Amino acid sequence: MRKLRKRLKLSKRLLLRRFEKAYAYNAKTDYIYELDEEALSFLTSLDGREVEIEEELYEYLKEEGFFGNSLPDFKEQKEFPSLRYLLVHVTYNCNLKCEHCYVERKNVFMSREVFEALARNFYEMGGLKLIVTGGEPLTHPEIFDFLREARRYPYRIVLLTNGLLIDERIARKLSKFVDEVQISLDGLEGHKMLRGVDYRVVVEKIKLLKEFVDVSVATMITKYNLEEFEKMKTLMESLDVKSWNIDFPSCSEEVVPDFDKASLISLGFGEAHEAEEGYSCGTHLASVTPKGEVTKCGFFEDAVGDVFNLEEAWSELRKKYIWRLSELKCECDFVEKCRGGCRYRALHYSGDIFGEDPVMCAIFKAR
């Protein structure tokens, strides 16, 4: 095997982390690589001094976007499970009133002080992906100041939006700060019935955004779009979106179809980071309210702390809201695959936070 002598540094967007295991995360592409300690040690040594490297490995790492002009960005968390993803509600304000939305529309807006604290502390903990949402985040008057602040850090930034406020100027501006925009598209005619907006308007927003950033699409299965998923799949493939995330509402009975329709979730596609083995949903996720309170996700409102003490809040959240599969009241053979599904959905429908998620049970035919 031919060996090369190279002076190598790493990409600014290549994050080296030691969580439950050692990882390299390319925040630009959203790919995560599991490393052994020898590989981690080699990558953390790349500070511009000359090293010996096998030609095949060099070509592979170069192709994967590992190399650049930055010193290694290495951080670790010593308590597990690790915090990797932070869902940030910058406002509860929205320009739509969708039937299935769990957010109570309020003119509540996150302060710059809160956002700066969470952006900084999330990075210091080794966070991988900052997900900015609402309400509709683009209604926040300081949203671009927030995104500019977040872009000081190398983690991946994703914006969740209904897309209606996006034009070419906004799309171009977003491309300076975010890596990915996720747009909600809940069917064809079904989208208008649920959200009051013609789906073709949203499709045009997706096409526009794709000229500037990665675009993914989120779809909820509702009673309005059940017959539209094959056409939706064809549309998603023609739009060439990064991923298509399909889910089932966790409440809003007025739009929820029979659980046996949950199998439509399997039509989705795209890369997904694996959950931690032996744990239920949201193992590595925390959520933040506009006031800076830390919760498990947007559904669970009980605050465990705030972003000014994010590490302490995560420690408390781990104790209260991250459950091992062995704690769940799931007795089927598929629990290792479905990870118990959504704990809020289980609580909502069974009255027991350790109960069964009927959506996952329907998918795996465990009932």
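**Surroundings of an arginine**

Modeller: R17 touches A22, Y23, D73, F74, K75, Y123, G126, G127 and L128, leaving aside residues up to four places away in sequence; contact means heavy atoms within 4.5 Å. This is a predicted model, in which local features need pLDDT of at least 70, side-chain atom pairs count only at pLDDT 80 or more, and totals for chains, interfaces and linings use all residues. Residues are numbered from 1 along each chain as its sequence is written, and side-chain values use heavy atoms, with hydrogens and water left out.

Colleague: Is R17 buried or exposed?

Modeller: R17 sits in strand β3 (residues 14-18); strands are DSSP runs of E, at least two residues, numbered from the N terminus. Buried means under 20% relative accessible area, exposed over 50%, partly exposed in between (1.4 Å probe, protein chains only). Because its relative accessibility is 0%, R17 counts as buried.

Colleague: Which backbone oxygen lies 3.0 Å from a polar atom of the side chain of R17?

Modeller: The R17 side chain reaches the backbone oxygen of D73 at 2.9 Å. At 3.0 Å from a polar atom of that side chain of R17 lies the backbone oxygen of G126.

Colleague: Which residue stands opposite V288 in β16?

Modeller: Strands pair if DSSP finds at least two bridges between them. β15 (residues 285-288) runs parallel to β9 (residues 85-89), with four bridges, and V88 is opposite V288 there. Two bridges join β15 to the antiparallel β16 (residues 293-295). In β16, the residue opposite V288 is V294.

How values were computed: A polar contact is a pair of N or O atoms within 3.5 Å; within protein, one must be able to donate a hydrogen and the other to accept it, and residues adjacent in sequence count only if both atoms are side-chain atoms.
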